[in-house]
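Hi everyone, thanks for coming. Let me put a structure up on the screen and walk you through a few parts of it.

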Amino acid sequence: MEKLSIKTPDDFIALMGHSLGFWPQESLVCILLDGRRIGASLRVNLPTPATDTARYTDQLMHYITTDHQATGVVFGIFTHTPWAPGDPRPHQDMLEEFAGRLRDGGITVRDGWLVGETTFTNYLHMNTRHPVQHPLDGITGSQLNAELVFRGSSIEPSPGFHIPVTATTDLSQKVLRNCYRIEAMNPHDATEQARTLWARMLDGAADPTDDEAAELIAYLKFITVRDRLIADIPGIEDSMRDLLLGQTTQSPHWQRVDRATDVLFHLYMRADGPDTAPVLTSLGVIQWWEGHGSKAHQCFQKALDADPDYRLAQLTDHLVRNGILADWATSRHNAYQPPHARGPEIGGMGMM
């Protein structure tokens, strides 16, 4: 794929939205740079008055320094809090401490913007006599935005999944019959049969039939089978523990992971009640692998709505809420990126 050039602030702000896949709200977004190359994107909620600034900054530094090749950072503060020329810069104390910690680590703050509801302003120049406020709708006309949209990217208004509350097809009786059949089987044989069906789904392109969907939903209700099927999603050989925790040295086959997401959504549309918990939890694990904490949390919460005692959802949501990322999500070489978001290069940025 040809490289993309980032030449204006509009390009960079558009890249933040496309990299995340949604328009952030009350968020600090950082994009890491290695010379003229774009690295990972990071989004965290903005601190509140009760936030421990030192701990908040420690967490940011932990995320950023996992990329040992990062030499620079650009950031955006996305907030609906109004600001006018002459007002103090929002979150100034936190940003000054953060910038100082970055400098101590040999990383330069290359630029930053305050992004409001209708305008954006260069954060580093907000203390000048007449700071320039640019119209936010200008990003839709930026060259980079047009290129990414042409390649199939989009910026959703929120990070959540748009999924229905109830099943579209009632497969509960078929699922129950499959559960009785699986319980009567040798555990090893049941797992191997599940893996065979799962591999056929992930390597194919067709949606599962109702019979296949009911069988897969039933398999996911058995913990040992579920864990094996989740570990099979990345399509690489490694220990099941490392696969589940997203911490292998080998990169997952992300196209296969995308396919698993599609299949699991199809299963969710055909599951009902507590049967949805393992499906939603599996979806949440994938989102955690990909570094989409907000989507992962939503999946785990929906799983716990369906089954409040579902242990895997409880444990993995605890990781998400404590800001713990899968190793894949923090690796320059292994992290998930949609094809249209790969390989941007900075070119001729006059605002630096």
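I'll go through some strands, some aromatic rings, a helix and a few single residues.

A word on the basis of all this: it is a predicted model, where local features need pLDDT of at least 70, side-chain atom pairs count only at pLDDT 80 or more, and totals for chains, interfaces and linings use all residues. Residues are numbered from 1 along each chain as its sequence is written, and side-chain values use heavy atoms, with hydrogens and water left out.

Let's begin with the strands. Helices (H or I, at least four residues) and strands (E, at least two) are DSSP runs, numbered from the N terminus, and two strands pair if DSSP finds at least two bridges between them. Please find strand β4, residues 72-78, and strand β5, residues 108-115: they run parallel and are joined by seven bridges. Together with helix α3, residues 92-104, these strands make a right-handed β-α-β unit. Right-handed here means that, with the strands pointing away from the viewer, the path from the first strand over the helix to the second runs clockwise.

Now move on to strand β6, residues 119-122, which runs antiparallel to β5, with three bridges between them. β5 and β6 form a hairpin, and three residues sit between the two strands. Trp 113 is a handy landmark: its bridge partner in β6 is Asn 122, and Trp 113 in β5 is also the bridge partner of Gly 76.

Next, the aromatic rings. Rings of Phe, Tyr and Trp (its six-membered ring) pair if their centres lie within 6.5 Å; planes under 30 degrees apart count as stacked, over 60 as edge-to-face and the rest as tilted. How many aromatic pairs does a search of the whole structure find? The search gives six. In one of them, Phe 75 and Tyr 123 have ring centres 5.5 Å apart and planes at 75°, so this pair is edge-to-face. The pair links distant parts of the chain, 48 residues apart: Phe 75 is in β4, while Tyr 123 is in the loop between β6 and β7 (133-135). Both Phe 75 and Tyr 123 are buried; buried means under 20% relative accessible area, exposed over 50%, and partly exposed in between (1.4 Å probe, protein chains only).

Trp 254 and Trp 328 make another edge-to-face pair, at 6.0 Å centre to centre with 85° between the planes. Trp 254 is buried, and Trp 328 is too.

Now for helix α4, residues 143-150, where Leu 144, Asn 145 and Leu 148 are buried. Seen down the axis of α4, its buried residues fall within an arc of 100° (taken from the directions from the helix axis to the C-beta atoms), so they line one face of the helix. Gln 143 and Phe 150, on the other side of α4, are exposed. Just after α4, Gly 152 takes a positive phi of about 105°.

His 18 counts as buried because its relative accessibility is 3%.

Last stop: Thr 128, in the loop between β6 and β7. Is Thr 128 buried or partly exposed? At 43% relative accessibility, Thr 128 counts as partly exposed. Its C-alpha atom is separated by 55 Å from that of Asp 238, 110 residues apart along the chain.

That's the tour; I'm happy to take questions.
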